[in-house]
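Dear colleague,

I am handing over the structure below, followed by notes on what turned up in it. Please read the notes with the coordinates open beside you.

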Amino acid sequence: MKKRTYTLLMALVLLVILPVGPSAQSIASPEVDLEIIDKMIEEGIDNTQIMELASFLTDVIGPRLTNSPQMFRANDWTKKKLQEFGLDNVHLHEWGPFGRGWELHRFALHAHSEFGSF
């Protein structure tokens, strides 16, 4: 039984790996639109907002534990941002049930070592 399963698995892998036919694009000579690549690089370097977006998510909204108020706030904020960027079909996908969420209101750490306290 194991040999049959192995044979079927290998046959499936070969079907996925082998090229479909002569119409398949060659990996050795793909068609690349360098103008589009240049525009993507320029957009990523000159007009990036990644630091502002990441900073808002991490510093303002904070940790986003599952089912926490911060997670729902981050979801809504991200949806609004994507709509501001011009995306049309932005929506939140329902999933679950997960259970109860929680958030940390206060945390304190007191550590003592032979070198002192901090």
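Which residue forms a salt bridge with Lys81, and how far apart are the closest N and O atoms? The partner is Glu84, and the closest N and O atoms are 3.5 Å apart, where a salt bridge is a side-chain nitrogen of Lys or Arg within 4 Å of a carboxyl oxygen of Asp or Glu.

Before the rest, a word on conventions: this is a predicted model, in which local features need pLDDT of at least 70 and side-chain atom pairs count only at pLDDT 80 or more, while totals for chains, interfaces and linings use all residues. Residues are numbered from 1 along each chain as its sequence is written, and side-chain values use heavy atoms, with hydrogens and water left out.

Overall fold

The chain contains four helices and two strands, taken as DSSP runs numbered from the N terminus (helices are H or I, at least four residues; strands are E, at least two). Along the sequence, these elements follow the pattern α-α-α-α-β-β. Of its 118 residues, 8% count as buried, with buried meaning under 20% relative accessible area, exposed over 50%, and partly exposed in between (1.4 Å probe, protein chains only). Among contacts (heavy atoms within 4.5 Å) between residues at least 6 apart in sequence, 36% join residues at least 24 apart.

Salt bridges

A search of the whole structure finds two salt bridges. In the one already mentioned, Glu84 and Lys81 are separated by about one helical turn because they are three residues apart in helix α4 (residues 69–84). Glu84 counts as exposed, at 57% relative accessibility, whereas Lys81 is partly exposed, with a relative accessible area of 23%. The side chains of Lys39 and Glu35 also meet in a salt bridge, at 3.7 Å from N to O; both residues lie in helix α2, four residues apart, which is about one turn of the helix. Glu35 has 53% relative accessibility and therefore counts as exposed.

Loop residues

Asp33 is placed in the loop between α1 (2–17) and α2 (34–46) and, at 45% relative accessibility, counts as partly exposed. A polar atom of the Asp33 side chain lies 3.2 Å from the backbone nitrogen of Glu35, which is a polar contact (a pair of N or O atoms within 3.5 Å; within protein, one must be able to donate a hydrogen and the other to accept it, and residues adjacent in sequence count only if both atoms are side-chain atoms).

In the loop between α3 (50–61) and α4 sits Ser68, which counts as buried at 0% relative accessibility. The Ser68 side chain reaches the backbone oxygen of Leu65 at 2.7 Å, and, not counting residues up to four places away in sequence, Ser68 touches Pro63 and Trp102.

Asn67 is also placed in the loop between α3 and α4 and is partly exposed at 21% relative accessibility. Most residues other than glycine have a negative phi. Asn67, although not a glycine, has a positive phi of about 65°.

With kind regards
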